[in-house]
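User: I'm new to this one. Could you walk me through how to read it?

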Amino acid sequence: MQEFTGVWVRDPRIQKEDFWHAYMDYEICIHTNSLAFTKKSSCVRRRYSEFVWLRKKLQENAMLITHLPKLPPKNPFFNLNNAREIGARMEGLRKFLEEVVHSLVLLSDSCLHLFLQSQLSVKKIEACAEGRSRYTVSEAIHSSGSGNKRFESQSEGSMEEEDDMHCESE
């Protein structure tokens with residue numbers, strides 16, 4: 001049987017931090033039969049800055065072993081209400097992930113798997129990947145949401161509760 005990994009970036013949502021500050025996050029869904037993945041279907045929400053962190057982390061961990069794909073460029077004037085800009089960014093993020101999940105070198109990175117298949121924050125992903133948590137990477141992924149509800153996303157509240165359960169606070 002041939003392995004496949006499908007990646008979707010969809011459902012952009014504006015998240016308001018306060019009256020003046022807002023950001024966009026996206027649902028990242030994975031469906032695969034690859035042995036490299038702990039769960040065969042999962043969905044998480046991530047924002048652009050977390051993708052920037054992931055690329056930097058992958059670059060550090062892979063060193064010069066492999067070429068890393070580029071992210072869509074950061075636009076300081078990104079319009080949260082411009083469907084064309086949002087669509088172009090989502091497509092760029094999808095292409096980035098598509099290349100990453102098809103790289104054997106990058107697939108061995110724990111941070112990638114936690115990014116794609118857990119609701120952990122970037123800080124807690126680093127802690128788990130470095131062994132500074134109560135749970136292994138596999139346990140964090142398995143206890144993070146159902147992942148098999150036909151790509152249903154979780155509510156913000158349950159993500160935060162699970163996040164606190166997975167790794168110890170620092």
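Analyst: Let's start with a side chain: that of Arg-46 reaches the backbone oxygen of Ser-118 at 2.8 Å. Some ground rules: this is a predicted model, where local features need pLDDT of at least 70, side-chain atom pairs count only at pLDDT 80 or more, and totals for chains, interfaces and linings use all residues. Residues are numbered from 1 along each chain as its sequence is written, and side-chain values use heavy atoms, with hydrogens and water left out.

User: Is Arg-46 buried or exposed?

Analyst: Buried means under 20% relative accessible area, exposed over 50%, and partly exposed in between (1.4 Å probe, protein chains only). Arg-46 has a relative accessible area of 2%, so it is buried.

User: Which residues is Arg-46 in contact with?

Analyst: Contact means heavy atoms within 4.5 Å. Leaving aside neighbours within four places in sequence, the partners of Arg-46 include Asp-25, Tyr-26, Phe-51 and Ser-118.

User: Where does Arg-46 lie among the strands?

Analyst: Strands are DSSP runs of E, at least two residues, numbered from the N terminus. Arg-46 lies in strand β3, residues 41–47.

User: What is the order of the strands in the sheet?

Analyst: Two strands pair if DSSP finds at least two bridges between them. Here 3 strands form an open sheet, β1-β2-β3, with antiparallel pairing. β1 (5–16) and β3 are at the edges with a single partner strand each, so one side of each has no neighbour in the sheet. Strand β2 (residues 22–32) pairs with β3 over 7 bridges, in the antiparallel sense. Within β3, Cys-43 is the bridge partner of Cys-29.

Methods. Helices (H or I, at least four residues) and strands (E, at least two) are DSSP runs, numbered from the N terminus. A polar contact is a pair of N or O atoms within 3.5 Å; within protein, one must be able to donate a hydrogen and the other to accept it, and residues adjacent in sequence count only if both atoms are side-chain atoms.
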